[in-house]
Amino acid sequence: MQEGGRVSGKVALVTGGAGGIGGASARLLAQEGAAVVIADLLAEDGRSLETQITEAGGRALFVRLDVTDEEDWDRAIKATLNSFGKLDVIVNNAGVSHRNGVEETTLDAWDWVMAVNVKGVFLGTKAAIPEMRKAGGGSIINISSIYGMVGSATSSAYHASKGAVRIFTKSTAIQYASENIRANSVHPGFVDSPMTRAHHDVPGINEERVGKTPLGRMGQPEDIAAGILYLASEESSFVTGSELVIDGGMTAQ
Ligand SMILES: NC(=O)c1ccc[n+]([C@@H]2O[C@H](COP(=O)([O-])OP(=O)(O)OC[C@H]3O[C@@H](n4cnc5c(N)ncnc54)[C@H](O)[C@@H]3O)[C@@H](O)[C@H]2O)c1
């Protein structure tokens, strides 16, 4: 399966890896030579992707992981080490969206979004660092959003969660740079994925979002996976604490 071999010999764990941006990233990392751990709640989709990658000659393992559960993280890291012997890259990609404004957001909804989008990234980072230290370094790739950089008329909890991921990543980068553990955030713009499909199907929404995007199209999961591959590879060995915006020019205006 090895095409360019840009991440040959590396072991990468991708949360929310069963589909969408995480699925495209798992596929691309495997194509470029990494062994990938697909970690998600969605067992059927995750196992199916594991099979597809393996049948294409790649190395993949599905593990069921709830990113909010610290014991699940212990099991996922153990499964990674049992199958592939080490961990070099973690893509903290699992996330949930919630579109309500401040007054319409219940405390339960706020706590849910923060648990998956922020606590999940914290627990993943905390679980990965000891293994990266043993491996002599590593790359932590946290999926934020353009909504972690700019506001909008909706999605209060989501904005807050993605802003937290952005600055948590920089603090991780500074704390672990001396150990050659890099941490960067990725900021996708509007992307077609299972998360956004229902919203993009509402008449007018797709056109409105494309209309706001200077490059004049919706992003695809593969557009984001290409940036994740760069941050996972040695091509980005001097890159830490940075924000990779992949948004078709949306936040440049
Ligand atoms: N699609 C977009 O327009 C867009 C834009 C900016 C940022 N993002 C971010 O990109 C990331 C991936 O989103 P996507 O668009 O591929 O969405 P998606 O819904 O297709 O993928 C998210 C994945 O996370 C998994 N997940 C959810 N909760 C989980 C949990 N508790 N434990 C483990 N896995 C869990 C889901 O099962 C799913 O497979 C998210 O962090 C999202 O916020 C997406």
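In the predicted model, Tyr147, Tyr158 and Phe190 form a single aromatic cluster. The structure is a prediction in which local features require pLDDT of at least 70 and side-chain atom pairs count only at pLDDT 80 or more, whereas totals for chains, interfaces and linings use all residues. Residues are numbered from 1 along each chain as its sequence is written, and side-chain values rest on heavy atoms, with hydrogens and water left out.

The structure contains 3 aromatic pairs, where rings of Phe, Tyr and Trp (its six-membered ring) are paired if their centres lie within 6.5 Å, and planes under 30 degrees apart count as stacked, over 60 as edge-to-face and the rest as tilted. For phenylalanine 122 and phenylalanine 168, the ring centres are 6.4 Å apart and the planes stand at 85°, so this pair is edge-to-face. The pair joins distant parts of the chain, with phenylalanine 122 in helix H4 (residues 107–135) and phenylalanine 168 in helix H5 (residues 156–176), 46 residues apart; helices (H or I, at least four residues) and strands (E, at least two) are DSSP runs numbered from the N terminus. Phenylalanine 122 is partly exposed at a relative accessible area of 37%, and phenylalanine 168 is likewise partly exposed, at 24%, given that buried means under 20% relative accessible area, exposed over 50%, and partly exposed in between (1.4 Å probe, protein chains only).

The rings of tyrosine 147 and tyrosine 158 have centres 6.2 Å apart and planes at 75°, and are therefore edge-to-face. This pair also links distant parts of the chain, tyrosine 147 lying in the loop between strand S5 (138–143) and H5, and tyrosine 158 in helix H5, 11 residues apart. Tyrosine 147 is buried, with a relative accessible area of 11%, as is tyrosine 158, with 12%.
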